[in-house]
Amino acid sequence: MRLLITGANGMLGQALCNELISKYEVAGIVKDKTCLTQKSEIKNLESKELRVFECDICDKENLSSIFKNVSPDFIIHAAAYTDVDGCEIDPQKAYSVNSLGTCNVASAARKAGAVLVYISTDYVFDGAKRTPYTESDKTCPINVYGNSKLEGERHVETALRNFFIFRTSWLFGKGGKNFVDTITSKAKSGGELKIVNDQRGSPTWTKDLASGIRKFLDFYSEKGPIDSIYGIYHLTNSDSCSWYEFTKMILDYAGIRDAAVSPVTTQELNRPASRPAMSILDNTKYEKLTGTRLRPWQEALKDYLGVGDEII
């Protein structure tokens with residue numbers, strides 16, 4: 001089975017390429033090859049089995065030519081503009097990449113006769129619900145990022161019959177700016193950390209998410225096309241926390257005991273984009289289909305930071 005991954009040099013894209021290359025024929029799309037460093041998983045894989053194409057997903061013609069070259073069976077669309085506050089400040093860029101870019105990818109997938117896997121977000125919800133969100137819950141984004149990703153979902157649903165949308169949340173991992181690395185860096189520099197304590201979600205390691213998507217693809221390739229399984233799925237590491245609780249665990253696992261950490265409210269932090277107060281996702285649909293579930297985020301964080309069991 002041939003796979004084409006957009007945003008292959010991103011945090012999730014690198015994890016996906018690394019996870020899938022051993023079993024599938026994988027090609028990747030990056031916006032700019034000059035940004036690939038020697039430490040990049042993509043750079044390492046490119047010297048072996050991975051083909052890498054340079055393309056802006058907003059360039060419809062170039063995108064179509066790559067699809068013809070690769071002739072993929074599956075496309076995993078992981079390319080996105082994910083800076084939540086940046087999207088609020090520059091909505092034109094957000095909609096250009098997350099909405100129009102996704103429309104282009106969906107159109108190319110339709111012409112290629114390929115199945116599309118679109119990576120979406122918990123931020124398509126407003127956070128007013130008190131229990132974890134299911135795939136059938138009403139979407140109502142409260143920021144530009146969430147709305148632009150929801151528009152991407154609608155482009156996928158309109159263009160294709162054979163698609164999967166995976167909503168995930170609070171990603172951290174190698175190969176990109178993420179909350180875990182930011183917290184450890186700031187704590188080591190001695191600065192005071194003011195962390196929101198009234199937003200709850202499920203931190204998700206990109207490596208675990210990539211593994212979960214691989215298990216889903218394995219299931220699909222073994223069972224063959226089944227119309228009833230197409231649609232939307234939620235997939236995150238299990239359990240939940242606030243950003244403040246997440247921070248305390250990061251510092252504990254990293255062995256940073258003297259950092260000054262203060263809980264604050266969302267209102268006190270006053271960032272450009274609003275965030276949902278509760279964006280925990282219910283993964284039951286995925287778990288019932290595959291018979292597997294992603295482990296608790298605490299275990300994933302421990303592995304990401306490379307610490308031993310004695311820390312817990």
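**Entry 1**

Where does N270 lie? I looked it up and found N270 in the loop between α10 and α11. I am working with a predicted model, in which local features need pLDDT of at least 70 and side-chain atom pairs count only at pLDDT 80 or more, while totals for chains, interfaces and linings use all residues. Residues are numbered from 1 along each chain as its sequence is written, and side-chain values use heavy atoms, with hydrogens and water left out.

A note to myself on names: helices (H or I, at least four residues) and strands (E, at least two) are DSSP runs, numbered from the N terminus.

Back to N270: its phi is near 55°, a positive value in a residue other than glycine. I also noted that N270 is exposed, with a relative accessible area of 63%. For these words I use the following cut-offs: buried is under 20% relative accessible area, exposed is over 50%, and partly exposed is in between (1.4 Å probe, protein chains only).

**Entry 2: another positive phi**

I turned to D239, whose phi is near 75°, a positive value in a residue other than glycine. D239 sits in the loop between β11 and β12 (241–242). With a relative accessible area of 42%, D239 is partly exposed.

**Entry 3: A277 and its contacts**

I went back to the loop between α10 (266–269) and α11 (284–290), where A277 lies. A277 is partly exposed, at a relative accessible area of 39%. Which residues does A277 touch, not counting residues up to four places away in sequence? I found D126, G127, D198, Q199 and R200. Contact here means heavy atoms within 4.5 Å. I also checked A277 against T139: they are 138 residues apart along the chain, and their C-alpha atoms are separated by 14 Å.

**Entry 4: L193, buried or exposed?**

L193 is buried, with a relative accessible area of 3%. I placed L193 in strand β8 (residues 193–196). Leaving out residues up to four places away in sequence, L193 touches I183, K186, A187, T247, L251, A260, V261 and S262. L193 and Y244 are 51 residues apart in sequence, yet 9.6 Å apart in space, C-alpha to C-alpha.

**Entry 5: helix α9 against α7**

I looked at how the axes of helix α7 (residues 179–189) and α9 meet: they come within 10 Å and cross at roughly 65°. The axes are lines fitted to C-alpha atoms, for helices over the stretch in contact, and angles run from 0 to 180 degrees between N-to-C directions. The crossing of α7 and α9 is right-handed. As a reminder, a crossing is right-handed if the near helix is turned clockwise from the far one by less than a right angle, and left-handed if anticlockwise.

From α7, the contact uses F179, V180, I183, T184 and A187; from α9, W243, F246, T247, I250, L251 and A254. I sorted these contact residues into nine nonpolar, two polar and no charged. In this sorting, Ala, Val, Leu, Ile, Met, Phe, Trp, Tyr, Cys and Pro count as nonpolar, Asp, Glu, Lys and Arg as charged, and the others, Gly among them, as polar.

**Entry 6: helix α9 against α12**

At what angle do the axes of α9 and α12 cross? Helix α9 (residues 243–254) and helix α12 (residues 297–305) have axes that come within 10 Å and cross at roughly 40°. That makes α9 oblique to α12. Angles under 35 degrees count as roughly parallel, over 145 as roughly antiparallel, 65 to 115 as roughly perpendicular, and the rest as oblique. α9 passes α12 in a right-handed crossing.

In this contact, F246, M249, I250, Y253 and A254 of α9 meet W297, Q298, L301, K302 and L305 of α12. I counted eight nonpolar residues, one polar and one charged there.

**Entry 7: aromatic rings**

How many aromatic pairs does the structure hold? There are 20. Rings of Phe, Tyr and Trp (its six-membered ring) pair if their centres lie within 6.5 Å; planes under 30 degrees apart count as stacked, over 60 as edge-to-face and the rest as tilted.

F166 counts as buried at 2% relative accessibility, and Y233 is buried with a relative accessible area of 2%.

The rings of W243 and F246 have centres 6.3 Å apart and planes at 40°, so this pair is tilted. W243 and F246 are three residues apart in helix α9, so about one helical turn separates them. Both are buried.

Last, I noted one aromatic cluster, formed by F74, F164, F166, F216, Y220, Y230, Y233 and Y286.
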